[in-house]
2 protein chains.
Amino acid sequence: MSRLKKKRATITDIAREAGTSISTVSYVLNDGPKPVSKENRKKILDVVHRLSYTPDMVARGLKRRRTMSLGVIFPDMTNTYFPEILRGILEITQHEKYNIMLRNASQSVAAQNDCIRDLLSQRVDGFIIRPIAGSQVPAILCDSGIPFVVVDRSERGWKRYDSVSLNNRKAISTAVEMLVREGHESIALITGPRETGTSIERVNGFMDASDLHRLREDKCRVLYGKYSVETGRDSVHTILNENPGISAVVTASTAITFGAIQELRRQEMRISVEMSLVAYGYSKWLTLLFPPVTTIEQPVVEMGRRAVHILLQCIEKEDSGSRVREIIDPVIIDGVSHQSNF
Amino acid sequence: MSRLKKKRATITDIAREAGTSISTVSYVLNDGPKPVSKENRKKILDVVHRLSYTPDMVARGLKRRRTMSLGVIFPDMTNTYFPEILRGILEITQHEKYNIMLRNASQSVAAQNDCIRDLLSQRVDGFIIRPIAGSQVPAILCDSGIPFVVVDRSERGWKRYDSVSLNNRKAISTAVEMLVREGHESIALITGPRETGTSIERVNGFMDASDLHRLREDKCRVLYGKYSVETGRDSVHTILNENPGISAVVTASTAITFGAIQELRRQEMRISVEMSLVAYGYSKWLTLLFPPVTTIEQPVVEMGRRAVHILLQCIEKEDSGSRVREIIDPVIIDGVSHQSNF
DNA sequence: CTGAAAGCGCTTACAG
DNA sequence: CTGAAAGCGCTTACAG
């Protein structure tokens, strides 16, 4: 149980034991850049195995000027949305032998800058960043010359950089269309803050569909709030009080959806019967509610995967090529038929 | 937009510009181990700022033999349980200026070993590991002499090491007691695999309470399955068919709970009226269901926090001191009163 | 208070 | 096919 740090074998140990130079050891460890004779290779590999040698990636990183690690910055960690993106990121990075260094910017631009500075100090090879709402691209990030890709938002200055985001506009217009097709003419959208890019996109989607199907403006309604449970709850409350004609609701985030359902149940409104609901969100729990809620799914894991792909492109081919701007379409999950998947 | 990697300033650049030796630069950067004159300090700090120098943590890590990073290994990432633990871990590590290197062991012992080997190669200063169910402590981990702490499980060989886990036994007995106090005498527990340590603990908790309150064995029932939605669904189905006398259910995980609720709703059983339910789980969504479900919360975020604390103790004070074995008590969340928190 | 020098564990251009 | 040597960017014991 002693915690004495037994010193690990180094390339020098291997060389000594195998009776070669450290260069030769390195050549076999890296399969190059020089060839090594069969005998030496075997001798070296034997020793490597016997001493259970693992190369020191720190030393290698210093020498190669490549750490094989990516900085990942999210505005917070309490939101379950970000762990989902992370899952997608991790899936690819682990496969590609990259490390990620995760940071929480605590919803503050200052903290976000600290994270960037810190990660620069760690010598990450690239960044994946979900910007704080309304923030500008930090000078420190641009100046570094390190490639980065923006996920989930592309507002303001960020627009000029590689990014991957969701097709929020199409998602909401699809939701509305589904309801129209079911015969609804009086539909409400519950969405986030009025000024946020993502919310504007959602409202545009709502407009697209209501224009297309000539829904009467006075029979529809957009309610702004936050992407939160409270907003879902309060908005449903408002709708039931102020707009009794509304027969269907589109909820623009997972949290809003849970809040909305909660309030509908509390008011003993039977979902799908007295009030129809289409949810835009990502939580696997969402599809598990009963009665099943039709969900337009945010492919949030996929967003993480794509971000890594784009970033590794930038890092590995040093092409300062053209900007990549991916927009991921939503996935429609019919509440009822989806049940069988679980 | 050119991606030419502008070479970063090094300590040598700073020394040259400030007209001092690199030693002196290092002394001010580290506030020691030698004192530096006011003038030199100022000159150096000016240059540091002007060149926006950030120390190369890779080089520093190599020299200091300390990377300030912790390896974190989970058996999978699709389960939303692990991101919650991660959140707790990250909260502390970020504050303590540690990095984490996250790995997914894909529910395989072989992959788990690969992760350990890999992280050893990365020269992490310690490990936090949630072992694969039923796995033994990998020799490679013990032999490394690197400190580690086990989270969430403490079966088999793992028992001998620092760990932090949940008081699953107490959680379930508490759940049962709450139901007994409400007058229930015929209670079912829906839990995970019969052999797993965590499941055994839960069943023991169930026994504790039913013994204490002299519940008749033939009126109660324990249903084994997986910690999954399907198990929740199927078990409720079974109970309703085979044990019509049962008036209350304790669900032993979040996923089981969602499955159970889904099935109860589908069968049009009114929760709390025709069937009472106490859930053991962690998802914030859980408390948002309506009618509100009384929840025994798994303090899963706290588990992450504690794990880091213990590990940093081991790393920073090199005491090969006695084993730490923390067991975290559950938190009771009364469904109804909790509503106001959102 | 200051600095020259060794060294952390690697990679690789260079010479043989 | 092999190896001696320089160097990646730091820290720190040692000497002054």
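I take a polar contact to be a pair of N or O atoms within 3.5 Å; within protein, one must be able to donate a hydrogen and the other to accept it, and residues adjacent in sequence count only if both atoms are side-chain atoms.

The model is predicted, so I keep its limits in view: local features need pLDDT of at least 70, side-chain atom pairs count only at pLDDT 80 or more, and totals for chains, interfaces and linings use all residues. Residues are numbered from 1 along each chain as its sequence is written, chains are lettered from A and ligands numbered from 1 in the order in which they are written, and side-chain values use heavy atoms, with hydrogens and water left out.

**DNA strand D**

A polar side-chain atom of A:Tyr27 lies 2.6 Å from a base oxygen of DNA strand D. From chain B, an N or O atom in the side chain of B:Lys34 is 2.7 Å from a base nitrogen, while B:Arg60 places a polar side-chain atom 2.7 Å from a phosphate oxygen.

I then listed the residues near the strand (a heavy atom within 4 Å of it). There are 29 around DNA strand D, and A:Tyr27, A:Asn40, A:Lys63, B:Lys34 and B:Tyr53 come nearest.

For elements I used DSSP runs numbered from the N terminus: helices (H or I, at least four residues) and strands (E, at least two). Helix H2 (22–30) and helix H4 (57–64) of chain A, and helix H2 (22–30) and helix H4 (57–64) of chain B, each supply at least two residues of the surface near DNA strand D.

**Chain A against chain B**

I counted contact as heavy atoms within 4.5 Å. The contact takes 65 residues from chain A and 65 residues from chain B. The buried area (accessible area, 1.4 Å probe, that two parts lose on being put together, summed over both) is about 6,600 Å², and carbon and sulfur atoms give 56% of it.

I found four salt bridges between chain A and chain B, taking a side-chain nitrogen of Lys or Arg within 4 Å of a carboxyl oxygen of Asp or Glu. In a salt bridge, the side chains of B:Arg123 and A:Asp56 meet at 3.4 Å, N to O.

**Confidence**

I checked pLDDT, the predictor's confidence in each residue, from 0 to 100. Chain A averages 91, and 95% of the residues score at least 70. Over residues 337–342 of chain A pLDDT stays under 50, and the model has eleven contacts beyond four places in sequence for them.
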